[in-house]
Amino acid sequence: MTIIICPGIHEPKLTESFIAECLNPATDITINGIAVDILTFPGEGILALSGFHILQFLHDNFDRCRHRLSNKLESPVIFISFSAGVIGAIIAASKWQVLGGNVKAFIAIDGWGVPLWGNFPIHRLSHDYFTHWSSAILSSGEDNFYADPSVEHLSMWRSPQMVQGHWVDQSIGCSQPQNRLNAAEFLHFLLKHYE
């Protein structure tokens, strides 16, 4: 499995922090004994919104890894996107699936105002309850997270392990029994679920 990181429009060091603080513990996730790969889309600025460029990045990286993968499109991918990067990532995920790719899940972190539809599981993490609630109008998937107390937008990406909040299952409209956790813990639960 491969995790595709699609950052927003911000300093690259925030993405480095996100990976170091949140995803490095995910390297113990394996599929049939094979470790998870993490690929970070390198496009900065307006390229974060480009589904075309993210899709090209996917093709380029899977072509390089062909010796390890029996079929690049069948290899499962999980998209984790942030802020403006959610726009390009949802387009790329949908196109990847249309091409025959296996999108295991799509995780949008603070993608406020971005409609999320796809034929794959979708999850949202929001920096406050208003963003969570108002984003649900544009589709929300099932298991989601919102920060409580509210935090600054960039905190969700820079240090998710410090963001306390609630796990909400939209299919039943309520929080899970273990409703208090941090955003990094919620992401780890999701990744383990898709192992």
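Biologist: Which residues touch the most other members of the largest nonpolar core?

Modeller: A nonpolar core is a set of buried Ala, Val, Leu, Ile, Met, Phe, Trp, Tyr and Cys residues joined through side-chain atoms within 4.5 Å, where buried means under 20% relative accessible area and exposed over 50%, with partly exposed in between (1.4 Å probe, protein chains only). Here the largest such core has 30 residues, of which F18, I80, I109 and L125 touch the most other members, and α6 gives the most to this core, with six residues. This is a predicted model, in which local features need pLDDT of at least 70 and side-chain atom pairs count only at pLDDT 80 or more, while totals for chains, interfaces and linings use all residues. Residues are numbered from 1 along each chain as its sequence is written, and side-chain values use heavy atoms, with hydrogens and water left out.

Biologist: Which residues are in contact with I80, leaving aside its neighbours within four places in sequence?

Modeller: Contact means heavy atoms within 4.5 Å; by that criterion I80 is in contact with I3, I4, I5, C6, F18, L23, I107, I109 and W157.

Biologist: Which residues of α1 are buried, and why do they lie on the same side?

Modeller: An α-helix has 3.6 residues a turn, so residues three or four places apart point the same way. In α1 the buried residues are L14, T15, F18, I19, C22 and L23; they cover an arc of only 140° around the axis (taken from the directions from the helix axis to the C-beta atoms), which puts them on the same side of α1. The face turned away from that buried side carries the exposed residues K13 and E16.

Key. Helix = DSSP H or I, 4+ residues; strand = E, 2+ residues; numbered from the N terminus.
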